[in-house]
Amino acid sequence: LKALGWDAQPPGWAEIAQAASTGKLRYAMTSASGSNTGMSALFAVASASAGKSEDLSVADVKPELIKAFLSGQKLTAGSSGWLAEAFIKAPAELDAMVNYEAVILR
């Protein structure tokens, strides 16, 4: 992530999606269809891309940004705990993980 300059300045969701779409970011995230963590991340990407934190409509969502973001997801799970354990076992295959702060800090 240092190569992306994110050690100096935290990225926004658009930068994360861009890095994922070019293969520079491979991440783990729970399934948005079965996990609040994954769904919350998708809402964050959609909201940030629309510049809105409430009253988000379908017209506000940028599908190309969502697709770009999801293209970097290389590991998925239904459980935040299992995802964290699997992430630790694959340090060469993954660059990042989207998860609850409490799970990451364990």
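In the predicted model, L42, V45, A46 and S49 of α2 meet L65, I66, F69 and L70 of α3, where contact means heavy atoms within 4.5 Å. By class, this contact of α2 with α3 has seven nonpolar, one polar and no charged residues. Ala, Val, Leu, Ile, Met, Phe, Trp, Tyr, Cys and Pro count as nonpolar, Asp, Glu, Lys and Arg as charged, and the others, Gly among them, as polar. Helices (H or I, at least four residues) and strands (E, at least two) are DSSP runs, numbered from the N terminus.

The model is predicted, with local features requiring pLDDT of at least 70 and side-chain atom pairs pLDDT 80 or more, while totals for chains, interfaces and linings use all residues. Residues are numbered from 1 along each chain as its sequence is written, and side-chain values use heavy atoms, without hydrogens or water.

The axes of α2 and α3 come within 10 Å and cross at roughly 140°. Axes are lines fitted to C-alpha atoms, for helices over the stretch in contact, and angles run from 0 to 180 degrees between N-to-C directions. The two helices, α2 and α3, are therefore oblique to each other (under 35 degrees is roughly parallel, over 145 roughly antiparallel, 65 to 115 roughly perpendicular, the rest oblique). The crossing of α2 and α3 is right-handed; the near helix is then turned clockwise from the far one by less than a right angle, and anticlockwise in a left-handed crossing.

Helix α1 (residues 13-21) also packs on α3 (residues 63-70), at an angle of about 60° and with the axes 7 Å apart. That angle makes α1 oblique to α3. The crossing of α1 and α3 is left-handed. W13, A14, I16, A17, A20 and S21 of α1 make the contact with L65, A68 and F69 of α3.

In α3, L65, I66, A68 and F69 are buried (under 20% relative accessible area; exposed is over 50%, partly exposed in between; 1.4 Å probe, protein chains only). They fall within an arc of 160° seen down the axis of α3, so they line one face of the helix. The arc is that of the directions from the helix axis to the C-beta atoms. These buried residues of α3 pack against α1, β1, α2 (36-50) and β2 (73-75). Exposed E64 and K67 sit on the face of α3 turned away from its buried side.

In α1, the buried residues are I16, A17, A19 and A20. Their arc down the axis of α1 is within 165°, so they line one face of the helix. Their cover includes β1 (27-29) and α3. Just after α1, G23 takes a positive phi of about 80°.
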